[in-house]
Amino acid sequence: MIVGIDLGTTHSLIGAFLDGKATLFPNPLGDVLTPSAISIDEDGRLLVGRAARDRLISHPDASVASFKRWMGSSRETKLGGRSYRPEDLSALVIRSLLDDAQAVLGTRPTEAVISVPAYFSDAQRRATRRAGELAAVRVDRLINEPTAAAMAYGLGEQLNEAYVLVLDLGGGTFDVSILELFDGVVKVHASAGDNFLGGDDFTQALRDHFLRTHRIRQETLKPAEASLLWLRAEHAKHALSVERSARIQLTLGGRDLSMDIDEAQFESVAAPLLQRLRVPIERAIRDSGVRPANLAEIVMVGGAARMPQLSRMAARLLGRLPLRHVAPDEAIAHGACMAAALKARDVALEEIVLTDVCPHSLGVEVSRDLGNGQRSDGHFDPIIERNRTVPVSRSREYYPVHAQQTKVSLRVFQGENTKVTDNISLGTLEIAVPTGATEDRCVDVRFTYDINGVLQVEATVRKTGIRHELLLMQDDNGLSEAEAKSRMAELASLKVHPRDEQPNIAAIARAERLYAESLGDQRTHIQQMLVQFQAVLGTQDLALVTQHREKLLEALDALAAGAIA
Amino acid sequence: MSVTAWDVLGLAETDDVRSIKRAYAKALKQARPDEDPAGFQQLTSAYEWALGYASHCAHERAASAAESAAAETEATASPSARGDLQPHETEETAIAAPKSEAPQGGFDFGPFFEQMGEQILKGNPLHLKEWLEAHPDMYSIELKWALIPHVFDALAHNAAALDPNRGHLATLQTFFGVDATLRAHPAIAPAIDFLESKAWKQPPAPAPEAPMPAGWENLDEVMGRRRPPPRQSESQGIPWWLILMGLFLLGRIAAAMH
């Protein structure tokens with residue numbers, strides 16, 4: 001069984017294509033959305049999901065979220081005395097999702113297709129694959145998030161001969177893709193994006209505005225205060241999606257602070273972020289050659305796509321409405337399940353073929369002749385231009401700069417800037433070149449990019465026929481196989497609470513979070529409820545525990561609603 | 001004998017886009033990208049070529065029907081010369097037919113450029129950036145792209161008066177999305193080269209490598225000038241229809257200015 005996983009910045013989902021349709025699997029709390037948050041409790045046990053997210057407030061030093069934003073970097077997070085890389089944290093989320101799949105399917109999935117932002121770089125894709133491997137699941141295929149969403153939507157609606165533009169604004173990334181659907185073909189024409197622009201950035205803009213208004217420096221906040229302010233800002237952001245104004249209210253360092261913000265103020269606070277939404281939309285339209293008037297649908301997915309500012313910006317740029325929202329949190333996961341079924345050659349999808357593009361340009365560094373004997377170095381010369389359908393193979397020829405040169409260094413880059421220094425370096429190939437006539441010194445460079453994002457660079461000296469080869473974008477994080485194994489064992493050794501106890505753990509985490517957020521009488525009240533619940537847990541009477549838990553959650557809901565309103 | 005695109009698609013020569021798409025979709029099920037990468041690439045190249053051929057035909061029909069001058073700007077290579085597929089050569093994408101329809105009515109380049117000049121004269125590129133980002137007309141993706149050659153050309157033409165600095169050039173290139181490919185395009189490369197060289201600052205004014213035209217009437221010359229690109233045909237991936245749309249728009253602007 002191949003499962004589909006949407007590994008999101010804010011939430012993650014898992015499912016599979018069962019009986020001809022995508023089916024999502026619930027976590028122990030009964031939700032298909034599992035917050036992408038990790039926490040380690042006092043006993044050193046691992047908590048994933050809602051309990052971990054609640055513990056960001058009550059136990060900020062032992063909890064972490066939004067780590068997808070660090071994928072591809074070597075940033076380490078300390079939790080419960082251990083250090084974790086971003087892919088380790090993602091692996092723990094995947095492991096928890098696999099537990100959910102196993103609970104439904106009866107067997108543990110061995111292979112997964114994971115969705116990634118279309119504009120993810122190769123280091124980020126590599127880290128995602130590694131996260132899968134660390135969770136003991138094979139990940140041969142990644143699918144781009146907007147492609148997944150469009151496939152789920154387009155095939156679901158049975159669109160034919162239609163161009164669809166997908167705007168995918170998640171918690172941490174923004175992707176724009178233009179696809180065409182015809183006769184069972186799902187063809188991506190262009191993808192563009194911003195890997196560091198998502199809902200979290202809008203939350204941060206609101207938080208910073210609050211801090212500026214009250215002349216408070218972020219560094220002076222205690223971890224719990226910082227987490228609480230973040231959540232209040234997030235809540236205000238959500239409120240501003242449906243209402244004209246919102247209020248951020250909380251106690252910091254013993255001072256009761258509040259700030260009202262209306263839509264217009266929010267837009268001015270978020271103006272630099274809103275401007276950044278323009279770039280990928282413009283680029284995708286231009287690269288696809290599809291005119292906005294010829295788009296059959298504009299589909300918005302991702303949690304942050306609920307912000308009316310995104311619809312407004314898109315409508316303004318594309319000169320049209322309507323924009324269609326489709327189950328913004330689940331569309332990508334549905335598409336990932338379909339991609340998994342395509343890979344498994346599910347008969348229900350026999351007639352479907354998906355073709356995608358490489359959204360980045362890949363090329364080499366060249367020196368340009370400026371005439372009159374002058375040269376300028378460090379220019380980027382693309383060999384595979386962005387938004388080519390993959391797999392793709394392209395070649396260009398290059399010559400040594402100097403007559404006496406016997407060796408050339410072929411430096412490989414990814415990016416869109418004219419200067420290589422502004423692009424991402426992928427590797428270098430050293431090639432010996434013969435001396436002699438110019439035409440004898442030609443080096444043919446061929447780039448081959450496969451559907452799994454592996455770039456192969458081949459350089460052939462034309463005269464001698466000597467071939468040099470460089471395989472890039474494989475697992476080259478410096479971890480040896482033995483190190484990877486021990487890392488995996490270490491992660492596997494983290495104990496989790498039994499599945500049937502997890503709802504209780506989550507209820508306690510919720511109560512503790514509310515306790516941390518409240519004051520005075522309310523605190524006493526929550527404490528009493530917690531003590532009672534612990535006593536009931538001690539009876540080990542399953543029916544009684546379930547009944548009490550539900551009552552506790554209801555009471556907490558009522559308290560939370562009162563606290564925020 | 002080499003295999004033609006039509007052989008690969010299993011289709012008789014046609015300019016009917018629908019038939020080409022149907023043939024591609026059918027053949028694709030036997031040459032999936034994950035199972036048969038080589039077959040898939042050959043099929044996709046054939047498909048892209050056939051679509052280019054169809055739009056070329058459509059454009060020619062439209063051009064001859066309208067007896068428009070647009071036929072002269074036809075930049076596509078003769079399709080018959082590229083009818084043979086040679087998968088191991090450097091592939092070239094078929095050029096999409098230009099769409100010469102004007103994107104927006106009512107935009108006046110003169111005042112736009114004048115105001116842009118005022119922002120540049122303020123010195124700090126931030127003024128220019130904010131003005132561009134707030135400009136309501138620049139929200140039209142099509143108009144914005146069509147303007148690219150004209151903005152840089154007009155700026156090069158007025159460089160001595162406006163004296164744009166590196167920050168202004170970077171702001172403009174970022175705002176208009178001038179990337180590695182577009183930067184090398186013959187329609188804008190001479191203007192940006194000139195602007196980056198700051199040649200107007202040197203008093204005896206040695207003739208710049210790419211001298212700017214005396215006025216708008218020489219624009220055809222600017223557009224027509226082809227600096228030899230590094231080592232390959234420059235047609236890969238350039239949004240031709242946008243450049244041509246720009247030409248058309250400029251014709252209207254030039255007419256309005258007289």
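Predicted model: local features only at pLDDT ≥ 70, side-chain atom pairs only at ≥ 80, totals over all residues.
**Reading helices, a sheet and an interface**

Biologist: What length does helix 6 of chain A reach, and what is expected?

Modeller: Helix 6 of chain A, residues 223-242, spans 30 Å from its first C-alpha to its last, close to the expected 28 Å for its 20 residues. Helix 12 of chain A, with 16 residues, reaches 22 Å, close to the 22 Å expected. Of the 16 residues in helix 12 of chain A, 15 are buried, so one may describe this helix as mostly covered.

Biologist: In what order do the strands of the open sheet in chain A stand?

Modeller: The order of its six strands is 18-17-12-13-14-19, with mixed pairing. Strand 18 (324-325) and strand 19 (353-355) of chain A are at the edges; each has a single partner strand, so one side of each lacks a neighbour in the sheet.

Biologist: How many bridges join strand 13 to strand 14 of chain A?

Modeller: Nine bridges join these antiparallel strands, which cover residues 174-182 and 185-194 of chain A. For instance, Leu179(A) has Val188(A) as its bridge partner in strand 14 of chain A.

Biologist: Which helix lies across strand 13 of chain A, and at what angle?

Modeller: Helix 4 (residues 145-156) of chain A does, running at about 40° to strand 13 of chain A. Among the other strands that helix 4 of chain A lies across are strand 12 (162-169) and strand 17 (297-301).

Biologist: How is the size of an interface expressed?

Modeller: The size of an interface is often given as the accessible area lost when the parts come together. Here one may count residues: 39 of chain A are in contact with 35 of chain B. On the side of chain A that touches chain B, strand 24 of chain A gives the largest share, six residues. That side divides into 13 nonpolar, twelve polar and 14 charged residues.

Conventions:
Residues numbered from 1 in each chain as written. Chains lettered and ligands numbered in written order. Pairing = 2+ DSSP bridges. Helix = DSSP H or I, 4+ residues; strand = E, 2+ residues; numbered from the N terminus. Contact = placed C-beta atoms within 7 Å. Axes fitted to C-alpha atoms, helices over the stretch in contact; angles between N-to-C directions. Nonpolar A, V, L, I, M, F, W, Y, C, P; charged D, E, K, R; others polar. Expected span 1.5 Å × (residues − 1). Buried ≥ 20, exposed ≤ 12 C-beta atoms within 10 Å, placed from the backbone.
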